[in-house]
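Hi everyone, thanks for coming.

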Amino acid sequence: MAEVLKNLGISTSSSLGVEDGCMPNANARRNGNHHPNLWSDDFIQSLNSQYGDALYHEHREILINEVHNIFSNKEEEFSLLQRLWFVDVVQCLGIDGYFQEKIKMTLDYTYKSWNQNIIGDLNMTALGFRMLRLNRYDVSPDVFQKFKGEKGQFFDFGPSQEYTKLVSMLNLYRASELDFPEEMILKEARDFTSTYLQEVVKEHEEIKENKNPLLMEIEYILKYPSRCRIPRLETWNFIQIFKQQNRNDWLVNDIYKIPNTYRQKLLEVAILDFNILQAQHQYELKLISTWWKHSSAIHLDFFRHRHVEFYFWWVCSLFEPEFSASRIGFTKLATSLSLLDDIYDTYGTIDELKPFTKALIRWDASIIGNLPDYMKIAFEFSYQIHKEITSEAETKHGPFVHKYIQNCWESFILSYLQEAEWIASNYTPKFDQYIINGTTSSGMRVLMMHSLILMNTPLSDKILEELDFPSSKFQSLVSLITRLVDDIEDFEDEKARGETASSIECYMKDNQGSTKEDALNYITTRIDSCVQELNKEFLKPSNIPTCCRKLYFNAGMRGVFFLFKDSDGITHSHHKDILDAIMKVLVKPILE
Ligand SMILES: CC(C)=CCC/C(C)=C/CC/C(C)=C/COP(=O)(O)OP(=O)(O)O
């Protein structure tokens with residue numbers, strides 16, 4: 001590799017910063033003109049959270065015990081509504097892992113009442129439904145029929161204070177976000193409550209400071225629907241809302257009647273836990289930044305340098321300390337995929353791509369001898385990552401994982417070549433043909449599979465088979481969602497670069513006379529039904545380890561929806577929301 005870099009006139013010993021690509025562009029190739037890396041190594045190495053210190057870990061233990069004492073030992077002091085509130089709050093604050101036993105007791109008890117039909121008013125029913133469904137109890141939304149009026153409005157039959165009604169509407173909205181296919185009542189509930197809540201937000205839009213915490217929560221929930229609510233950022237947001245709630249004692253007390261000292265204790269645990277985890281994440285990010293700084297690929301400036309964004313994407317969902325290897329492996333692999341994507345889509349020529357494909361599929365370096373230097377660098381960079389992950393995964397699980405790695409890799413690389421051939425011949429395929437290839441070229445099968453086998457959880461051959469293509473619904477739904485969401489956001493940019501095959505273009509070609517809006521409507525409806533199916537896949541009883549299912553649901557689905565919410569946040573990672581989110585999750589500790 002040093003030899004290749006030397007041929008390019010690049011010094012391997014330089015202490016280059018990160019915005020330093022210098023690849024010559026002699027063949028006037030197509031170029032995505034992507035903005036450079038935004039996170040210099042100097043900046044990343046300067047992150048120095050104090051919360052890595054053992055003292056903070058000890059203090060967290062003490063606080064958790066105090067919460068246990070309050071909420072478990074005095075169980076009988078709390079009503080069912082208060083106990084459900086506890087389950088909801090610890091999940092929103094990201095500290096539910098410490099209270100599993102208590103959560104299970106509460107939910108088992110709630111489920112009994114649910115089956116006896118004695119849950120209560122709309123607020124309680126909506127909260128109970130959400131908590132039970134979110135924790136995989138079998139509950140039917142038909143229970144909401146009895147709250148529905150003749151004109152499709154949802155009433156609250158409980159005490160009718162203004163805030164109780166608002167909280168009921170919020171809880172019903174949140175319950176409706178967990179809909180499975182065919183559950184029309186939840187769709188109706190969502191339409192009704194979202195209109196109601198949007199009006200409330202509109203009425204108060206002039207308030208900018210010291211907002212009512214309930215309003216803060218409603219705004220947040222409406223801006224980030226469940227499908228794009230990534231766990232670490234959700235925790236960050238709920239901590240802010242919860243802080244504000246504790247300042248406005250009257251509100252929560254009005255409804256849930258939880259003493260402020262108890263709530264304050266929960267908040268303390270949540271903030272400390274967030275900061276301790278962030279310290280570990282900063283440590284990992286520094287390792288990644290060092291790896292990137294010394295990598296050969298840093299010198300190729302035609303592709304998207306997004307290692308920090310990739311790490312952010314994964315850590316938001318897979319944040320627990322024990323999944324470090326999976327986060328780091330994902331980040332490296334996604335970086336190599338973004339290099340390959342930009343080679344196949346844009347920078348490479350079709351004559352170069354054919355032998356390059358052969359070399360990549362077989363990991364055969366002898367084939368790349370006559371290829372341009374940038375391809376040699378890309379091959380070597382990808383190969384090193386492949387070797388590192390394979391060896392770690394084989395040590396963890398055994399040699400059987402190799403076939404999963406090889407199968408997904410091969411089909412992925414071939415799908416890239418197929419797209420490159422379509423670009424080279426200016427061909428727009430049929431929609432179905434495009435989608436079959438496009439789900440594979442989304443890269444999600446490769447990324448999920450590698451991330452799964454690096455997780456610290458035993459995975460048998462049988463479980464991996466269930467999780468892999470073609471049997472896995474998780475896999476096919478996440479891949480299809482990614483392909484469609486990505487196309488909606490960047491098909492116009494890609495078309496301008498000469499990439500004519502996208503789901504939008506293919507739909508319009510198949511349906512002569514249809515407009516771009518028709519295509520977008522069709523695709524949005526398909527995305528919505530994929531989300532319902534994924535809700536079901538994630539929340540139904542299953543023998544697949546919970547951490548694996550969470551990976552698909554949170555990183556695979558929610559991460560993609562978040563990153564592509566207003567634009568393609570990987571390509572345009574200088575978008576304010578992405579920068580902001582990275583600062584919150586990875587850079588700044590939360591102040592008490
Ligand atoms: C498709 C997608 C969002 C994949 C996510 C998985 C992932 C991180 C792949 C790495 C390569 C990458 C940045 C693809 C998106 O680019 P692009 O928008 O140019 O994708 P395309 O060329 O496949 O349309």
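Let me start with a term: a nonpolar core here is a set of buried Ala, Val, Leu, Ile, Met, Phe, Trp, Tyr and Cys residues joined through side-chain atoms within 4.5 Å. This is a predicted model, and its largest nonpolar core holds 196 residues. Which members touch the most others? Those are F71, F144, L266 and F356. Helix α12, residues 260-293, gives the most to this core, with 14 residues. Where does the core lie? Domain 1 (50-274) and domain 2 (295-302 + 322-577) both give residues to it, so the core lies between them.

Let's take F144 as an example. Leaving out residues up to four places away in sequence, F144 touches L122, T125, A126, F129, F154, L172, A175, I185 and L186.

Now to the rings. The count comes to 42 aromatic pairs. One of them joins F71 and F78: the ring centres are 5.3 Å apart and the planes are at 20 degrees, so we call this pair stacked. Both F71 and F78 are buried. W313 and W314 make an edge-to-face pair, with 5.3 Å centre to centre and 80 degrees between the planes. Are these two buried or exposed? W313 has 6% relative accessibility and counts as buried, and W314, at 0%, counts as buried too.

There is also an aromatic cluster made up of Y344, F356, W363, F379, Y383, W409, F412 and Y416.

Finally, some charges over rings. K102 lies over the face of F86, 5.5 Å from the ring centre. The charged end of R227 sits over the ring of F561, at 5.1 Å from its centre.

Key:
Residues numbered from 1 in each chain as written. Predicted model: local features only at pLDDT ≥ 70, side-chain atom pairs only at ≥ 80, totals over all residues. Heavy atoms only, no water. Phe/Tyr/Trp six-rings, centres within 6.5 Å; stacked < 30°, edge-to-face > 60°. Buried < 20%, exposed > 50% of the residue type's maximum accessible area, 1.4 Å probe, protein only. Lys NZ or Arg CZ within 6 Å of the ring centre and 35° of its normal. Helix = DSSP H or I, 4+ residues; strand = E, 2+ residues; numbered from the N terminus. Domains from an automatic or database assignment. Contact = heavy atoms within 4.5 Å.
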